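Please keep the sequence and the model at hand while reading.

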Amino acid sequence: MPSLSVIGMQWGDEGKGKVSHILSSWADWIVRFQGGNNAGHTVVFDNSQYVLHLVPSGILYPGKKCLIGNGVVIDPAALVEELDFLRKRNIEADGRLFISGNCHLIFPYHKYREAYMEKLKTRVGTTRRGIGPAYGDKYARVGIRFVDYLEDDTFKELLKRNLRGKEVFIKKFTSVTKLKDKIMKEREEILPRLKDFLADGASLLYSEEKRGKNILFEGAQGTMLDCDFGTYPFVTSSNPISGGACVGSGFPPGKIETVLGVTKAYTTRVGLGPFPTEIEGTEAEYLREKGGEYGATTGRPRRVGWLDMVQLKMAIRVNGADKMALTKIDVLDDREEIKICTAYKYRGRKITEFPLSRKMQEEAEPVYEKLPGWNKKTKGVNKVEDLPANAKKFVERIQELSGSKIALISMGRSEEETIHIEKEFAAK
Ligand code: IMP
């Protein structure tokens, strides 16, 4: 298993942090390839809980190397804050963290733009980290890359041009001169902290792969937030699908042998946008409370729903995820009845493919298959044979319906609360 990607199959928050951390024990390199500090990967390790936003979760394993690939957008101040957080817990990034020079950076004017846009009717319900505007600049070819930030003259010139082009937004929050001074002052403090992490990520991965090193690609967000395949426009501005790992790191397609999709036993999403299986009332409250369903980055309550097979099958298809990690199965422990959405109904018609139309996504009604609950604790179970009979049936049914093999089951935040069905997905 020389290289592997861990990909969210739903709308983010599937528990990728824990799964990536388990697999980090096998990997030599852990690579983030998209998104930014809109992500929040929660890992429980050595009895402490860590929430990482930008640094790959492999940093928590002594000796592992981590790359922030070119597809990530970095808020330099947020990165320094995260490094400080890690340092306070005796986790050093020096010599272990590498940042691709061609990563684009997030500046306060990106956050201003987003704050302004989010006030309009067209709002997306973003994390307000400036992610969308930073990717916007990248594709409009006016962005500032990490390598540009490190060069005095290049940076000054690019900043000047950007401030001029964004005056309309900036003026709603502060003056251009004040903002320029703030960015330049912050840079003086940030540069000494970040400059030594500079790397050519693609070239680094190329030589490390040649040396036989194991590389793990750690996806952030999830397939339904993918800018191309998600519930557009209520998506993020990057490509969290498995294909994004190549574009966002410079690692060639075909070399990533395994895609491990991570899916919860039910579904959640934060922010706005269609969510065909969303439920409300006491059932929703129960799942939210039991699952601790509050966004790791924003603290916002998540919307909850039953497992959506129409959506999941599409995610498996676009990612090529023939293996899955099934997480948070314990949240369903006390339910009398469990539902799986197997199709949608739209204006009297049955649909089994996730629709592209906004209208259909909004109006699709779930068709449920009902399964009996197991009414027993799954926490503490380490073997699939020891799961309650109805929990086993639930797992088997998901495999049957999805056509993807469940290789790992997670029943809580800590690593002990995991069933490793396939040994290669166990901590080494
Ligand atoms: P943005 O990524 O901040 O632009 O937000 C766009 C959408 O993606 C919003 O609905 C966010 O709530 C959602 N989102 C972004 N990052 C995450 C994540 O890590 N988990 C869950 N939802 C996310």
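**From the sheet to the ligand**

In this predicted model, 10 strands form an open sheet with mixed pairing, in the order β9-β7-β5-β2-β10-β1-β11-β14-β18-β19. The edge strands are β9, at residues 198-199, and β19, at residues 418-420, and each of them pairs on one side only. Strands of a sheet pair through backbone hydrogen bonds, and the pairing is either parallel or antiparallel.

At one end of that order, β9 runs parallel to β7 (residues 97-100), and the two strands are joined by 2 bridges.

Helix α1, residues 16-24, lies across β1 (3-8), β2 (29-32), β10 (215-218), β11 (258-264), β14 (323-327), β18 (405-410) and β19. The direction of α1 is at about 170 degrees to that of β1. Helix α14, made of residues 389-402, lies across β14 and β18 and runs at about 145 degrees to β18.

Another pair of strands can be looked at separately. Strand β3 covers residues 41-45 and strand β4 covers residues 48-52; they pair in the antiparallel sense over 5 bridges. F45 has S48 in β4 as its bridge partner. The hairpin of β3 and β4 has 2 residues between the strands, and D46 takes a positive phi near 50 degrees there.

The model also holds a ligand. Which residues are closest to it? Of the 15 residues that surround the ligand, the closest are D13, N38, T127, T236 and R300. By type, the shell around the ligand divides into 5 nonpolar, 7 polar and 3 charged residues.

A polar side-chain atom of T127 is 2.5 Å from an oxygen atom of the ligand. At G125 the backbone takes part, with a polar atom 3.5 Å from an oxygen atom of the ligand. In the side chain of Q221, an N or O atom lies 3.2 Å from a nitrogen atom of the ligand. Taken alone, the ligand exposes 470 Å², and the protein buries 97% of that.

Most residues other than glycine have a negative phi, and most peptide bonds are trans. Q221, however, has a positive phi near 55 degrees. Its place is in the loop between β10 and α10. P233 also lies in the loop between β10 and α10, which is the helix at residues 243-247. A cis peptide bond, with omega about 10 degrees, joins Y232 to P233.

Definitions and conventions:
Residues numbered from 1 in each chain as written. Predicted model: local features only at pLDDT ≥ 70, side-chain atom pairs only at ≥ 80, totals over all residues. Heavy atoms only, no water. Pairing = 2+ DSSP bridges. Helix = DSSP H or I, 4+ residues; strand = E, 2+ residues; numbered from the N terminus. Contact = heavy atoms within 4.5 Å. Axes fitted to C-alpha atoms, helices over the stretch in contact; angles between N-to-C directions. Near = heavy atom within 4 Å. Polar contact = N/O pair within 3.5 Å; in protein donor to acceptor, adjacent residues only side chain to side chain. Areas by Shrake-Rupley, 256 points an atom, 1.4 Å probe, with all protein chains shown as cover. Nonpolar A, V, L, I, M, F, W, Y, C, P; charged D, E, K, R; others polar.
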